[in-house]
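Welcome! Open your viewer, get your selection tool ready, and follow along stop by stop.

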Amino acid sequence: SRSFKPILESSSMNLCAPSLPGQHQSGGVRSRDHWLSSPALSGADAQRTQKLCILIGRPDLKVANRLRLNQNQLAWQGDRDSANRSSSFTITCAPRYLGRIGRLKNPPHLRHSQHSSICITQTSRYRQPHTEMRGLYETRIIETEINSPSRLQEAIRIGLESNFSDVKVWTSSGVRTDQEPFHLSVPYISGQRTVAVDVGSVSYLLPQPDRSKKYSLAEVKACCGLNKDAVAIGACAGPFWKIGDNSEMMVDGFKSHIGYLSPTNEPNAINNFCNQDFGILGNFLLSDCDPEGEVIRVQARCRTGHINFTDTIRRAIIAEYPDTIISLGGVFSLTGSTSRCHVMSKFATDPLNSPDKVAKWLRMFEFPSPMSFTTVIHCHDPGMQLRALHTHGISHDGKVCGHYHCDLVPQNAEYDAVFAVASHIARIDEPAIED
């Protein structure tokens, strides 16, 4: 039997999407991400805005905190009386944050009996997510702003060259993913309609699991307007009611690979599991599997920087297209280097309510190469609580499966990847924001 090296040093594992940068200055907000305009809109800009008037509490940092915003993401102007009891304010807010406001269970309110009237201002450049009940799950769908692989090719190349010594990036069609070096069960991952899907939430897993969160990929496809023959690849938590407990799951078309821990905390895998169910959370790329679909091909060798492969691509796109709704998904192989991966432990009986507890619960391992990984990348969150990155992989010998962190021998690491750019983003069973 093969023994795998556990990685024991503490690792900061950010399960949630990172916050966006901003800089607060007197007289307004400035940021390289120009998602927040000056505190007041006027002239032609004002005519192109949509206004939503709601009753909400005093627009101070308490309200901002309840919206999970900070002073860099929210600006207001108006007059307050000395008692702060009743005033009219205008909030100028990035459109993606309207989704957060709309999902409040109860609007915040003043300590006093009166409420402040607030006007939320949204620039018309952004599309509002379309929300409806489809099947079992509430689904919000939005079009991406860039869905052309050729527009992202150069940005990805420039970003990777800052972190890898040898990089090739090009666009192509007819790229088969069921052959070397990817080893997927599906031949193509792109199509006329390609949807990046985020289902469930880390908040359904931590601090304690919500065992009512059981999902079906067939239902997810229906929610996204695709038929049952659509192809799905991605990363999710396994069907705990079938496996018996918590696990990592890599979705490969109509099959899946399961990574779990043995009673002695050794990593194990179930290969080619004919299963379309998953639990708690998942991130997928869905497509109609068109052979003529255009994709981005990436080859990168010898990592020289400190950022992993997928995060380098995400940061490269953001640098070129800040504040732009772009998502992509794909498959990549890693050869020449072992990889750092985690496998979740069994569901915790005690709440995982601190970073130290989560770090101990996520068991880190050094997995052998070669491995194949499926990944979903969101470059901008339009107020839908999207997970920025999620990547799971299986070793080519089928013995281990887990969540990707990075390669461990960077000078020998070789990546070969195919990415499809999403035409739509779907958010399914998004958690409500607590007030």
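Two strands pair if DSSP finds at least two bridges between them. Helices (H or I, at least four residues) and strands (E, at least two) are DSSP runs, numbered from the N terminus. This is a predicted model, where local features need pLDDT of at least 70, side-chain atom pairs count only at pLDDT 80 or more, and totals for chains, interfaces and linings use all residues. Residues are numbered from 1 along each chain as its sequence is written, and side-chain values use heavy atoms, leaving out hydrogens and water.

**A strand and its partners**

Select residues 194–200, which form strand 11. Strand 11 pairs with strand 26 (residues 424–428) in the parallel sense, over 5 bridges. Click on A196: its bridge partner in strand 17 is L285, and in strand 26 it is I425.

Is strand 11 buried or exposed? Buried means under 20% relative accessible area, exposed over 50%, partly exposed in between (1.4 Å probe, protein chains only). Here 7 of the 7 residues of strand 11 are buried, so the strand is largely enclosed by the rest of the structure.

**Two helices**

Next, select helix 4 (residues 149–161) and helix 7 (residues 309–320). Look for contacts (heavy atoms within 4.5 Å): L152, A155, I156, G159 and L160 in helix 4 meet F309, T312, I313, A316, I317 and E320 in helix 7.

**Confidence**

Finally, colour by pLDDT, the predictor's confidence in each residue, from 0 to 100. The protein chain averages 77, and 68% of the residues score at least 70.

Terms used
Axes are lines fitted to C-alpha atoms, for helices over the stretch in contact, and angles run from 0 to 180 degrees between N-to-C directions.
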